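Have the structure open as you read.

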Amino acid sequence: MKFSWIYDLPTSLQVKSFLKTKGISRSLLAKIKFHGGKIEVNETEVTVRYLLKDTDSVQITIPDEAPHETTVPIDIPIDIVYEDEHYLVVNKPYGVASVPSQVHPEGTMANRVKGYYVRQNYANQVIHIVTRLDRDTTGLMLFAKHGYAHALMDVQLRAKELKKKYTALIMGQLSKGEHGFIDAPIARTTDSIITRRAHESGKEALTEYWVKESFPQATLVDIQLHTGRTHQIRVHFTHIGHPLMGDDLYGGEKNEWIIRQALHCRELNFAHPFTNEKISLKLEHPEDIVQWLHQHKQQEVNS
């Protein structure tokens, strides 16, 4: 894969310093040098110490990535929301883990996306997950299709420029139109390696929410995370006495419509690092939440 720029800085820089400003790491430079890539200036191959001058044309060729044999491709269709040569966004169903583990060794989204890459015969078949979701959370999940794309998106993640919004059904009733923040540190629980709790010993965590629909049994909220702690949404709403419907790990109740935590990543916004285009992706509510809302709106009409 090739990338090119026109050097337009007033003073000279070595190629390696210029490429650093473009998000090319030392490890990626090493890969270019030792695994079949190259660096060219004005169509002539150069080393990283070459001094650039105004209007020089800089081009790098990044070698294809060998697939990781530990990620087994499986032939299960994926629901593609967005795709170009650099990024892939899918709509993850519930009951599917993001990455393989001892508990879920295959059948994960990583395995499914790897299967898609193999079927498409893509040159790069390494799985780069930018945003992952809990096993029973549905919605938008972002993959980078090569290491350079992943590195550039990580910059946006650290700068909090990549925005995710969620929808959730929480137990109990909040006032329609209510807007608030949950500001509570999150720490591990003392008796589990899985669960978390709101506790002063934990790391800073901030969740913003907006009430969209309100019912006696539950409330539909939109959510914006301002930090990215493990189980943050689930822990924070449990902390204020409104666990997510279906989330039995944190005290939420299941019912005939909702059998998993009712949490859905519905919106993803980021600036495309290669085109500068603003990418804004949105999903409708998942079917289980739709069915719950329909049933309870009907009950209100009939009561």
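Lys-53 is partly exposed, because its relative accessible area is 48% and that class lies between buried (under 20%) and exposed (over 50%), computed with a 1.4 Å probe and protein chains only. Its salt-bridge partner is Asp-56, with the closest N and O atoms 3.5 Å apart. A salt bridge here is a side-chain nitrogen of Lys or Arg within 4 Å of a carboxyl oxygen of Asp or Glu. Asp-56 counts as buried, because its relative accessibility is 3%.

A word on the ground rules: this is a predicted model, where local features need pLDDT of at least 70 and side-chain atom pairs count only at pLDDT 80 or more, while totals for chains, interfaces and linings use all residues. Residues are numbered from 1 along each chain as its sequence is written, and side-chain values use heavy atoms, with hydrogens and water left out.

**Salt bridges**

The count comes to 13 salt bridges. Here are three of them, with the accessibility of each partner.

| Pair | N to O distance | Relative accessibility |
|---|---|---|
| Lys-53 and Asp-56 | 3.5 Å | Lys-53 48%, Asp-56 3% |
| Lys-31 and Glu-65 | 3.6 Å | Lys-31 21%, Glu-65 11% |
| Asp-75 and Arg-119 | 2.9 Å | Asp-75 64%, Arg-119 39% |

Take the salt bridge between Lys-31 and Glu-65. This pair links distant parts of the chain, 34 residues apart: Lys-31 sits in helix H2 (residues 26–34), and Glu-65 in the loop between strand S6 (57–61) and strand S7 (80–83). Helices and strands are DSSP runs numbered from the N terminus, with helices being H or I of at least four residues and strands E of at least two. Lys-31 is partly exposed because its relative accessibility is 21%, whereas Glu-65 counts as buried because its value is 11%.

The side chains of Asp-75 and Arg-119 also meet in a salt bridge. That pair again links distant parts of the chain, with Asp-75 in the loop between S6 and S7 and Arg-119 in helix H3 (residues 109–120), 44 residues apart. Asp-75 is exposed, because its relative accessible area is 64%, and Arg-119 is partly exposed, because its relative accessibility is 39%.

Ile-76 lies in the loop between S6 and S7 too. Leaving aside its neighbours within four places in sequence, Ile-76 is in contact (heavy atoms within 4.5 Å) with Arg-112 and Arg-119. Ile-76 counts as partly exposed because its relative accessibility is 30%. Its C-alpha atom is separated by 40 Å from that of Glu-300, 224 residues away along the chain.

Lys-164 is found in strand S11 (residues 163–171). Its side chain does make a polar contact with the side chain of Tyr-166, at 3.0 Å. Such a contact is a pair of N or O atoms within 3.5 Å; within protein, one must be able to donate a hydrogen and the other to accept it, and residues adjacent in sequence count only if both atoms are side-chain atoms. Not counting residues up to four places away in sequence, Lys-164 touches several residues, including Thr-131, Leu-133, Gln-224, Cys-265 and Glu-267.

Asp-134 itself is linked with Arg-234 and Asp-247 in a network of salt bridges. Arg-234 is one of the buried residues of H5. Helix H5 (residues 232–239) is mostly covered, with six of its eight residues buried. After H5 comes Gly-241, whose phi is positive, near 85 degrees.

**The whole chain**

The chain has six helices and 18 strands. Its C-alpha atoms fill a box of roughly 75 × 45 × 40 Å, taken along the principal axes. Buried residues make up 47% of the 303 residues. Among contacts between residues at least 6 apart in sequence, 65% join residues at least 24 apart.
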